[in-house]
Amino acid sequence: MADLKPILLVEDSPKDVELTLAALEQCQLANAVIVVRDGAEALDYLFSRGSFANRETADPAVVLLDLKLPKVDGLEVLEQIKKDAHLKGTPVVMLTSSREERDLVRSYSLGVNAFVVKPVAFDQFFEAIRDLGMFWAVLNEPPPRGSAPSP
Amino acid sequence: MTETPAIIADLDLAACEREPIRVPGSIQPHGALFVLDADGVVSKAAIGALAVGVVDDPVGRKLADLLPGDARRAIESLGTGLVAGRGPEHLCFLRTEAGAFHLVAHRSGEDVIVELERATGDEPGSFDAVYPDVRAFLDAVQRTSGIQALADLAAREVRRITGLDRALIYRFDEEWNGEVIAEDNGGRLPVYLDLRWPASDIPAQARELYRLNRLRLIADANYEPAPITPDGAAVDLTYSVLRSVSPVHLEYMRNMETMASMSISLLSGERLWGLISCHHQDPIRVPYHVRAACEFIGQVVSMQIAAHEASALALRRDALRTVQGKLLAHMAAEDHFIDGLLAHPRDLMALTGADGAAVVAGGRCTRLGETPDEPAILSLVEWLSQQDREDVFVADSLAAEWPEGEALKDLGSGVVAISISQIHDSYLIWFRPELVRTVSWGGDPAKRAELGPDGLRLHPRKSFDIWKETVRLRARPWHEAEIDAARELRVAIVDIVLRRAEEMAALSERLAAINKELEAFSYSVSHDLRAPFRHIVGYAQLLKKFEGERLSERGDRYIETIIESAISAGQLVDDLLSYSQMGRSTITPVSIDVAAMVDEARANLTVEGDRHRVDWRIGDLAPVRADPVMVRLVVQNLLENALKFSRDREPAVIEIGSEAKEGDVTTWVRDNGAGFDMAYVDKLFGVFQRLHREEEFEGTGIGLANVKRIVERHGGRVWAQGEPDRGATFFFALPAA
């Protein structure tokens, strides 16, 4: 399990964190999920600085990145990732709240790997996350129950 | 009346205009002329018959040395005291054995021209002698008012002082024809009062000479000119008192049977206004001091005329300015300034003293008062717009400027037009009707000259009998103040138009700001309003998943309802957003293959709702020119509706067709479903309007509102026909590709 790269979830709304984790849980992914709550924290994690200066966890297998975030917004985080020689290969899935925002991401065209409009119906969201998880993250290992938010 | 060959008239004009009247090379014989160089040495001279014996062979000698006493001292002290461009100064009275003379001098370039004019007696004559007359004249001037009274007075006084047979006050019109407006006549010469004279009788260079030298005397029409030698043609005699005149003019005088003439120029400001023109049947030399008095009278009359014209102009302007103020107030009171003008035709016409007016704007013509008919006005506007003119077009005779304008003559011989928008060929035009007048000429103005028996030289006409002419195609002339008023109104209109444009710009700036705010608002709605619905659905589904087994059937139904409601609320938010987006996003029209778009929409829809059999009947679909993203929404929406409302039919029949007509393509979608009552057709396309209960057919009530908005933003039209239970047809018309 330790050699499996984690999923980095960048999301400010605690409810969306919980729902996303529930969806990921149902996908039965083996990866750990690291949750950070704003863009600055996401960058700290990605660049191993601040409170993540000595992180033991690996670089993420995939970043699930909300578009609208406090401090540093999603597009800026995306830009930093894609500018960094080491990180630019990391797939980034942009989570947007509405179709209008999706247009914003499209026009920005910073090399996002996928985007998901968070649907109102949870089961659609679940399906979307599951598809993405399958595709980007990893393998279907036996159920690792309770991948807790970290830190 | 015989026709005068045009060539003679042309010859006449050309010949007279060319005549070197400033440098005739000779003088009249009642004196002598000397051209002195800077050292006072005579370079050229002319000795007239009445001055023979005063000095002999003066050329090459100092003039001062040749003259006695006072004259010598006066000439020696001339120095550089004389200023060029002014009339002669009187130096002294000179008595010689050959006779008595007035000695006068003026500067001409580097030279000084000294003239000896033979006095009419042995005494110099003094201003004192004429002072009482001049004084009386000045007193009388104080009491007169108006140009006519002034002209009558001047004619009378000048004839009295000079004792000449006839004194005329001759006034130029704008084309330099002259008219005798006042006359004092001793009875020996014919009366010319009210007669007109063609401009060619006093050609341009003669008028210019009159403007510079205010008094001219021809003592004897039969005189023998005394040549200036050597090289007399090089001496400019503009300011000379003895200047010899054109032989054509002398012949003209003989034809008029006047042997002597004197004219005094009347100026209004710098412009030659007219002449005090005096004639005598016999040769006569008007004494120097009398001429000086006449010149003075001429100056007084000139000043009075200038003052009178200025005050008349000011009065007229004041009156027009009052009208203009009213018009501006009318214009400001209306949303569109033209309405302000049209609502007050009386003021509009008073502004220029017109009998009719027309406003032509945006191809629309509005006529007020007495005007030519609309097609005539529109053709005038077309002609005007092709002319490279100043802001104001003025014609007293439209036909003279534009031959086709003759058709407008009855009510529009006189025209003043201002352009009020260069972009749209908009004009404000005033009209005056034709004024047929009879003009009396002093002789046939067409027969200005005749060829003499020699067949070469030109001779002025011999007949000065009254020749009546009927003047047509002309209106009462527009006054300078009226033209200015029109010009000022144009400036005011242009100001208003500009101000409106600025207001529009400010408004659209504000609109843009509001639009931006709206965008920010809908962004925030999309983000913040959507999230709670998502959370409700998410948690309810989690609850159902993990705790569902413990819920009663009723609890289970409650959860289902919560989920459904939250989903439809979320859908509502999405639909509202897309509706507002339709209103804001820019349209990029391209040619659209509607048939392909219908196929695509059908494919999308049948995957989802493949629950019942549908009989699609798709006809020829003409391409349209529109924004493809938006039209896809329209097609999708109408097909979705057709499927939805016909889903309980077996089979459902959906027919799609189109018809192209007059540049538009009308496309329709017909179903055999639930239909609707035409009584509610107006509600069909409104936001949140539903014609069916929700449990029958789901939906947010925004779909058709969106369709309507999209089509109308393309300048198209949507409409529908239906009958309950017998299906519905939706039509939309868009520009053809």
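Predicted model: local features only at pLDDT ≥ 70, side-chain atom pairs only at ≥ 80, totals over all residues.
Me: Why is α2(A) largely enclosed by the rest of the structure?
Reply: The buried residues of α2(A) are Gly39(A), Glu41(A), Ala42(A), Leu43(A), Tyr45(A) and Leu46(A). The helix has eight residues, so it is largely enclosed because the buried ones number six of the eight.

Me: Which residue with positive phi follows α2(A)?
Reply: Helix α2(A) covers residues 39–46. The residue that follows has a phi near 45°, and it is Ser48(A).

Me: How does the span of α1(A) sit against the expected 20 Å?
Reply: Helix α1(A) runs over residues 14–27, with 14 residues. At 1.5 Å a residue, 20 Å is expected. From first C-alpha to last, the helix is close to that, reaching 20 Å.

Me: Which residues of α1(A) are buried, and what phi does the residue after the helix have?
Reply: The buried residues in α1(A) are Asp16(A), Leu19(A), Thr20(A), Leu21(A), Ala23(A) and Leu24(A). After the helix comes Gln28(A), with a positive phi near 60°.

Me: Is Asp66(A) buried or exposed?
Reply: Asp66(A) is found in strand β3 (residues 62–66) of chain A. An unreviewed UniProt entry annotates Asp66(A) as "modified residue: 4-aspartylphosphate". The cut-off for burial is 20 or more other C-beta atoms within 10 Å. Asp66(A) has 26 such neighbours, so it counts as buried.

Me: Which residues does Asp66(A) contact, leaving aside neighbours within four places in sequence?
Reply: Strand β3(A) holds Asp66(A). With sequence neighbours within four places set aside, the contacts of Asp66(A) are Val10(A), Glu11(A), Asp12(A), Gly74(A) and Leu95(A).

Me: Which helix gives the most to the side of chain B that touches chain A?
Reply: In all, 17 residues of chain B are in contact with 14 residues of chain A. On the chain B side, α14 (480–547) and α15 (553–584) each supply at least two residues. The most, twelve residues, come from α14(B).

Me: How many charged residues are on the side of chain B that touches chain A?
Reply: That side of chain B has eight nonpolar residues and six polar ones. The charged residues number three.

Me: What share of the residues in chain B is buried?
Reply: Chain B has 18 helices and 29 strands. Among its contacts with a separation of 6 or more, 64% join residues 24 or more positions apart. Of the 737 residues in chain B, the buried share is 39%.

Definitions and conventions: Residues numbered from 1 in each chain as written. Chains lettered and ligands numbered in written order. Contact = placed C-beta atoms within 7 Å. Helix = DSSP H or I, 4+ residues; strand = E, 2+ residues; numbered from the N terminus. Nonpolar A, V, L, I, M, F, W, Y, C, P; charged D, E, K, R; others polar. Buried ≥ 20, exposed ≤ 12 C-beta atoms within 10 Å, placed from the backbone. UniProt positions renumbered as here; feature names shortened; annotations may be inferred. Expected span 1.5 Å × (residues − 1).
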